[in-house]
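My entries follow in the order I made them.

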Amino acid sequence: MDIHRLIDEVIAREGGYSDHPADRGGATNWGITHAVARANGYAGDMRALPRATAVAIYRRLYWDQPGYAFVAETAPSVAAELFDTAVNMGVGTATGFLQRALNALNRNQRDYPDLTLDRAIGARTLSALRAFRALRGKSGEAVLLKAIEAMQGERYIALAESRPANEAFLYGWLANRIG
């Protein structure tokens, strides 16, 4: 799993500076919002946010801190999806999708115990993922990925339904973030 490639792909999708009036995140650059940049020590103009600063933020907030590198040891494609989903929806949401999917796929706890939906990668989540992957193999990883993407797609549609201004982003979210 190459986190540098994943970050490069996110930055390519997100593009450079943007301040779309319908985007609640306000001014962004490289996909990093004004609030996230400030919370991570950047005090300059968002138009001038260095790419290297964005890369460091992506690595720390959306890969290292949530523990997605540990997920990558067992299910690399799932880790890549969690990273991308976390960038767009938040770490807790992405990790929650994984936990919900693992619970739904454990055949009423015959394969491994249900997880508490704490939205954090910990020993129990990693153990359930390893048990699932050992039982279902590579094709199981693909099914788990589909389950996560299904929840992500449903959330995008719900966001557009609940706030019509989000319809400006729905097509791009579905085209660039799902599948």
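I began with the second largest pocket, which holds about 200 Å³ of space. Of its 14 lining residues, Glu9, Arg13, Ala80, Glu81 and Asp84 sit closest to the centre. A reminder to myself: this is a predicted model.

Which elements build that lining? I find H1, H5 and H8 each giving at least two residues, with H1 holding the largest share at 5 residues. By class I noted 7 charged, 5 nonpolar and 2 polar residues in the lining of the second largest pocket.

Next I looked up the largest pocket, and its volume comes out at about 980 Å³. I count 32 residues in its lining, and those nearest the centre are Glu14, Asp23, Asn88, Phe169 and Trp173. The elements that each supply at least two lining residues are helix H1 (3-14), strand E2 (32-33), helix H3 (51-64), helix H5 (76-89), helix H7 (123-162) and helix H8 (167-177). H8 gives the largest share here, 6 residues. I sorted the lining of the largest pocket into 13 nonpolar, 12 polar and 7 charged residues.

**Salt bridges**

How many salt bridges does a search of the whole structure find? I got 10. I followed up a few of them.

Aspartate 8 pairs with arginine 51, and their closest N and O atoms are 2.9 Å apart. I see this as a link between distant parts of the chain, since aspartate 8 is in helix H1 and arginine 51 in helix H3, 43 residues apart. Buried or exposed? Aspartate 8 is partly exposed at 38% relative accessible area, and arginine 51 is partly exposed too, at 35%.

Then I went to aspartate 84, whose side chain meets that of arginine 13 in a salt bridge at 2.4 Å, N to O. Aspartate 84 belongs to helix H5 and arginine 13 to helix H1, so this pair ties together parts 71 residues apart in sequence. For aspartate 84 I have 6% relative accessibility, so it counts as buried, the cut-off being under 20%. Arginine 13 is at 35%, which makes it partly exposed.

Aspartate 84 has another partner: its side chain also forms a salt bridge with arginine 177, again listed at 2.4 Å, N to O. That pair links helix H8, where arginine 177 sits, to helix H5, where aspartate 84 sits, across 93 residues. Both arginine 177 and aspartate 84 are buried. I also noted that salt bridges with shared partners join Arg13, Glu14, Asp84 and Arg177 into one network.

Cross-checking with my pocket notes, Arg13 and Asp84 are among the residues closest to the centre of the second largest pocket, while Glu14 is among those nearest the centre of the largest pocket.

**Helix H3**

Last, I checked the length of H3. With 14 residues at 1.5 Å a residue, H3 should span 20 Å, and its end C-alpha atoms are 18 Å apart, which agrees.

Which residues of H3 are buried? My list reads Ala54, Ile57, Tyr58, Leu61, Tyr62 and Trp63. I recalled that an α-helix has 3.6 residues a turn, so residues three or four places apart point the same way. What do the buried residues of H3 pack against? I wrote down H1, E2, helix H2 (34-39), helix H4 (68-72), H5 and helix H6 (91-104).

Terms used
Residues numbered from 1 in each chain as written. Predicted model: local features only at pLDDT ≥ 70, side-chain atom pairs only at ≥ 80, totals over all residues. Heavy atoms only, no water. 1 Å grid on protein atoms, 1.4 Å probe; cavity = no way out; pocket = protein on both sides within 12 Å on 5 of 7 lines; lining within 4 Å. Points joined across faces, edges and corners; volume = space filled by probe spheres on them. Helix = DSSP H or I, 4+ residues; strand = E, 2+ residues; numbered from the N terminus. Nonpolar A, V, L, I, M, F, W, Y, C, P; charged D, E, K, R; others polar. Salt bridge = Lys/Arg side-chain N within 4 Å of Asp/Glu carboxyl O. Buried < 20%, exposed > 50% of the residue type's maximum accessible area, 1.4 Å probe, protein only. Expected span 1.5 Å × (residues − 1). Contact = heavy atoms within 4.5 Å.
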